[in-house]
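Hi,

Here is the structure I promised to pass on to you. Please have a look at it, and then read on for what turned up in it.

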Amino acid sequence: MGAAQAQSKSDDAQLLQKTANDAEQKLRQSFTNLQFEGFEPAPVKGPIYQASAGSRMFYYAPESDHILFATVYDRNGVNVTALAQDARAQRQLAAIDPKQALTIGPKDAPSVIEFTDPDCPYCRALDRFWAAKAAEGKPVRRLVYFVSGIHPEAATKAEHILCAPDKEASFKALYAGAKPPTLLTCPEGHAKVQADAALVKKVGISGTPTLIVGGKIISGFDQAEIEAFLGQAYAPKASSHAQR
């Protein structure tokens, strides 16, 4: 019996080694442009599932209880993680009605969908950034939705903005640090805050600020990504002006 068990283990080891050898050979054949120096079993076991949180894609292996924050490419070099992110962004865009947004900025400027929180310090920094860009001649049309489930006073401050006679001025004042002695309330503002909260849940927004620009999701105040968007948005104008 002992000899049989030993033979079985030896056969299993040989099978595992053959499987590994076959896998390494296939890897080298599929990705001939890469030089591999090592090849060994990974700790991840079993099937892997794709999931998302906010704008971020990740992968989960329940059998070994591993989570992978990674970018996946196919054999042709296509970033399939980015494709999944783009597809998710398009689904999110389909759920957003621009007519329901609080709009800030000139009508003819490039549009930016912005999920924001009055008590989020990075949201306030982003507001200052937009003002600076407008002063440079690169304004945007902000389609604003309020995220009220992170900070305890976010909902009441959002309602205050939405109930003000001049909503844009109220928004800018509150984001600049103003502390009104009394926060405004009104049925319309309360309903809008609730509607925004439902949209946030439906779209899957988990942090602020979250932007959707040109069909792409930007999580947080990522200045480099935003600058790239503005560069593309204003490039045609710059080119036409140069031609004159």
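**Around tyrosine 60**

Tyrosine 60 is found in strand β2 (residues 56-61); helices (H or I, at least four residues) and strands (E, at least two) are DSSP runs, numbered from the N terminus. Before going further, please note that this is a predicted model, in which local features need pLDDT of at least 70 and side-chain atom pairs count only at pLDDT 80 or more, while totals for chains, interfaces and linings use all residues. Residues are numbered from 1 along each chain as its sequence is written, and side-chain values use heavy atoms, with hydrogens and water left out.

With a relative accessible area of 32%, tyrosine 60 is partly exposed (buried means under 20% relative accessible area, exposed over 50%, partly exposed in between, with a 1.4 Å probe and protein chains only). Leaving aside neighbours within four places in sequence, tyrosine 60 is in contact with Pro47, Ile48, Tyr49, Asp65 and His66, where contact means heavy atoms within 4.5 Å. Tyrosine 49 is 11 residues away from tyrosine 60 in sequence, and their C-alpha atoms are 5.2 Å apart.

Tyr60 also belongs to a nonpolar surface patch with Ile67 and Phe69, with about 290 Å² of accessible area together. Patches are made of residues with over 30% relative accessible area and no salt bridge; like charges are joined within 9 Å, and nonpolar side chains (Val, Leu, Ile, Met, Phe, Trp, Tyr) within 5 Å. The areas come from the Shrake-Rupley method with a 1.4 Å probe, and for residues only the protein chains shown count as cover. Isoleucine 67 lies in strand β3 (residues 66-68) and is partly exposed, at 47% relative accessible area.

**The sheet**

Five strands make an open sheet of 5 strands in the order β4-β6-β5-β7-β8, with mixed pairing; two strands pair if DSSP finds at least two bridges between them. At the edges stand β4 (102-104) and β8 (216-219), each with a single partner strand, so one side of each has no neighbour in the sheet. From one strand to the next, the twist averages 25 degrees. Axes are lines fitted to C-alpha atoms, for helices over the stretch in contact, and angles run from 0 to 180 degrees between N-to-C directions.

Strands β5 (residues 111-116) and β6 (residues 141-146) pair in the parallel sense over 6 bridges, and isoleucine 113 stands opposite leucine 143 in β6. Helix α5 (residues 167-175) packs on the sheet and touches β4, β5 and β6; its direction makes about 80 degrees with that of β4.

**Salt bridges**

How many salt bridges does a search of the whole structure find? There are 11, each a side-chain nitrogen of Lys or Arg within 4 Å of a carboxyl oxygen of Asp or Glu. One of them joins arginine 142 to glutamate 114, with the closest N and O atoms 2.8 Å apart. Arginine 142 lies in strand β6 and glutamate 114 in strand β5, so this pair ties together parts that are 28 residues apart in sequence. Both arginine 142 and glutamate 114 are buried.

In helix α1 (residues 2-30), lysine 18 and aspartate 22 are 4 residues apart, so about one helical turn separates them. They form a salt bridge with the closest N and O atoms 2.9 Å apart. Lysine 18 is partly exposed, at 48%, and aspartate 22 is partly exposed, at 37%.

Best wishes
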